[in-house]
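These are my notes from going through one model, entry by entry. I began with the overall figures and then turned to individual helices and their contacts.

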Amino acid sequence: MTTTATTVTRATAATTAATTAPAPPGLVPVLWLALLATPVAAAANAPVLILPDMAASLGVRTATAAWLVAAFAWAMAVSVPLLSGLLRRRGLTPVLRLSGALLLGGTLLVAASPWLPVTLLGRAAQAAGGAGLVAAAMSLAGSARRMGVISAGFGMLGAAGPLLGAQLSHTVSWRLSLSVSLVSLLALPAVGRHAATTTPPTAPRDRFDARGAALLTVLATALVLLPHAPAAALGSAAVAAALLALHVRRRPDGFVPAPLVRSPLFLGSALLALALSTSYFTLLFAVPRLLADRAGWGLAAAGAGQLVALLTGSALSWVLAAASARLGRTAVRTVLVTIGTLAALLAVFASWGPLLLVATLGGVFGATGANAVLSMQAASSAPDPQRPTAIGLFTLCYQLGGAFGPAIATALVLGGA
């Protein structure tokens with residue numbers, strides 16, 4: 001425990017130094033970007049320990065209440081590329097305003113609605129608003145080191161989400177647990193002011209590719225539904241993918257640029273991020289139950305242990321991001337794949353509580369490190385005008401893991417209670 005604490009202390013000190021260092025000229029201070037992007041992670045993970053309470057309050061089964069998690073992940077997944085496209089065409093200010101409005105409106109619905117369908121709508125609006133803020137922050141990062149600060153903060157807030165959600169649920173209401181992403185609004189004025197010089201001076205003059213955007217949205221929706229309705233979702237995804245491929249051939253400079261989908265660097269980065277993200281979100285929801293079933297841990301002990309593991313893994317992922325330029329692309333990917341694979345194997349076979357927490361640590365390290373480093377690699381495969389699009393499509397793949405993971409955990413571990 002002393003060694004782990006020392007490692008966390010050193011990594012956290014390094015992260016603090018990075019966040020407090022003056023930003024280079026023309027760049028938004030990374031602390032503001034982290035505040036803009038990271039609270040949505042806490043709201044996303046808040047249901048981890050309180051799904052049964054949410055289900056009881058809404059009068060549904062736990063498996064049905066899990067749709068609140070799936071709706072959030074779906075909206076995050078489809079909204080990031082859409083709002084990244086808006087960012088590319090219209091600049092930063094419209095994205096910040098629309099995202100702030102969606103986040104606020106969605107939170108009001110979640111706070112007031114007694115019905116699951118309206119609550120689902122509110123969660124989707126919250127996620128769409130958060131997606132826009134994440135897209136803005138990622139597009140303004142500018143380097144793997146600064147992206148590492150944002151990604152590590154995302155991991156740390158996500159780590160705090162389950163325990164924070166449980167505490168707020170027990171002391172006030174689970175609805176308050178789902179509203180913590182409102183903290184992001186504090187960063188809106190500062191980011192808008194500091195980022196004025198980085199806003200694209202002119203929007204692209206080509207006609208907006210509405211068909212490409214619609215086909216991508218249908219494809220992402222079908223993929224999100226894959227764990228819940230495999231046959232229908234698989235058929236829909238195949239049709240949407242075929243139509244999108246034909247559309248990309250007809251319009252190679254459209255919403256999904258042909259050079260990106262043909263780039264081995266982009267595809268490899270995005271697919272690896274999807275795999276690591278799926279593994280992480282599966283572990284995030286499954287490990288608390290595994291700790292109870294295999295090791296006899298109570299809810300409080302499981303939540304506290306998972307928090308320490310997630311914070312440690314998130315802090316260590318920033319160390320990887322900071323060292324990524326020296327390590328090289330192949331070494332970084334080897335580290336991510338190795339750690340991610342070991343984490344999944346531990347979750348399958350381990351029965352000792354600390355080893356299950358190590359699995360969680362490895363899962364968040366792999367996913368958060370991938371989000372920081374591979375997003376920059378994916379963006380580097382695109383010309384400057386298309387980098388927001390590249391980041392948006394990469395983040396779509398990462399967020400799909402947030403939809404697959406909870407569904408897999410529910411099917412394999414949580415059951416349909």
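**Overall figures**

I looked up burial first: of the 417 residues in the protein, 55% are buried. The model is a predicted one. I then checked the secondary structure, which comes to 19 helices and zero strands. For contacts with a separation of 6 or more, I found that 82% are between residues 24 or more positions apart.

**Helix α8**

I took α8 next, which runs over residues 116-141 and has 26 residues. From its first C-alpha to its last it reaches 37 Å, close to the 38 Å expected at 1.5 Å a residue. I counted burial along α8: 21 of the 26 residues are buried, so this helix is largely enclosed by the rest of the structure. I also looked at what comes after α8, and found Gly 142 with a positive phi, near 90 degrees.

**α2 against α8**

I checked how α2, residues 30-37, lies on α8: the two axes come within 8 Å and cross at roughly 155 degrees. An angle over 145 degrees counts as roughly antiparallel, and α2 is therefore roughly antiparallel to α8. I noted the crossing of α2 and α8 as left-handed. From α2, the residues in the contact are Leu 33, Leu 36 and Ala 37. On the α8 side they meet Leu 133, Val 134, Ala 136, Ala 137, Leu 140 and Ala 141. I sorted the residues of this contact by type and got nine nonpolar, no polar and no charged.

**Helix α12 and its contact with α13**

I checked the length of α12, residues 210-225. Its 16 residues should span 22 Å at 1.5 Å a residue, and the end C-alpha atoms are 23 Å apart, which agrees. I listed the buried residues of α12 as Gly 212, Ala 213, Leu 215, Leu 216, Leu 219, Ala 220, Ala 222 and Val 224.

I then turned to α13, residues 230-250, whose axis comes within 8 Å of that of α12 and crosses it at roughly 155 degrees. The two helices are therefore roughly antiparallel to each other. I recorded the crossing of α12 and α13 as left-handed. α12 brings Arg 211, Gly 212, Leu 215, Leu 216, Val 218, Leu 219, Ala 222, Leu 223 and Leu 225 to the contact. α13 brings Ala 233, Ser 236, Ala 237, Ala 240, Ala 241, Leu 243, Leu 244, His 247 and Arg 250. By type, I have 13 nonpolar, three polar and two charged residues in the contact of α12 with α13.

**α6 against α7**

I looked up α6, residues 67-90, and α7, residues 92-112: their axes come within 7 Å and cross at roughly 145 degrees. Leu 83, Leu 86, Leu 87 and Arg 90 of α6 meet Leu 92, Pro 94, Val 95, Leu 98 and Ser 99 of α7. I put the residues of this contact at seven nonpolar, one polar and one charged.

**Leu 355**

Last, I picked out Leu 355, which is found in α18, residues 353-380.

Technical notes
Residues are numbered from 1 along each chain as its sequence is written. This is a predicted model: local features need pLDDT of at least 70, side-chain atom pairs count only at pLDDT 80 or more; totals for chains, interfaces and linings use all residues. Side-chain values use heavy atoms; hydrogens and water are left out. Axes are lines fitted to C-alpha atoms, for helices over the stretch in contact, and angles run from 0 to 180 degrees between N-to-C directions. Helices (H or I, at least four residues) and strands (E, at least two) are DSSP runs, numbered from the N terminus. Angles under 35 degrees count as roughly parallel, over 145 as roughly antiparallel, 65 to 115 as roughly perpendicular and the rest as oblique. A crossing is left-handed if the near helix is turned anticlockwise from the far one by less than a right angle, and right-handed if clockwise. Contact means heavy atoms within 4.5 Å. Ala, Val, Leu, Ile, Met, Phe, Trp, Tyr, Cys and Pro count as nonpolar, Asp, Glu, Lys and Arg as charged, and the others, Gly among them, as polar. The expected span of a helix is 1.5 Å times one less than its number of residues. Buried means under 20% relative accessible area, exposed over 50%, partly exposed in between (1.4 Å probe, protein chains only).
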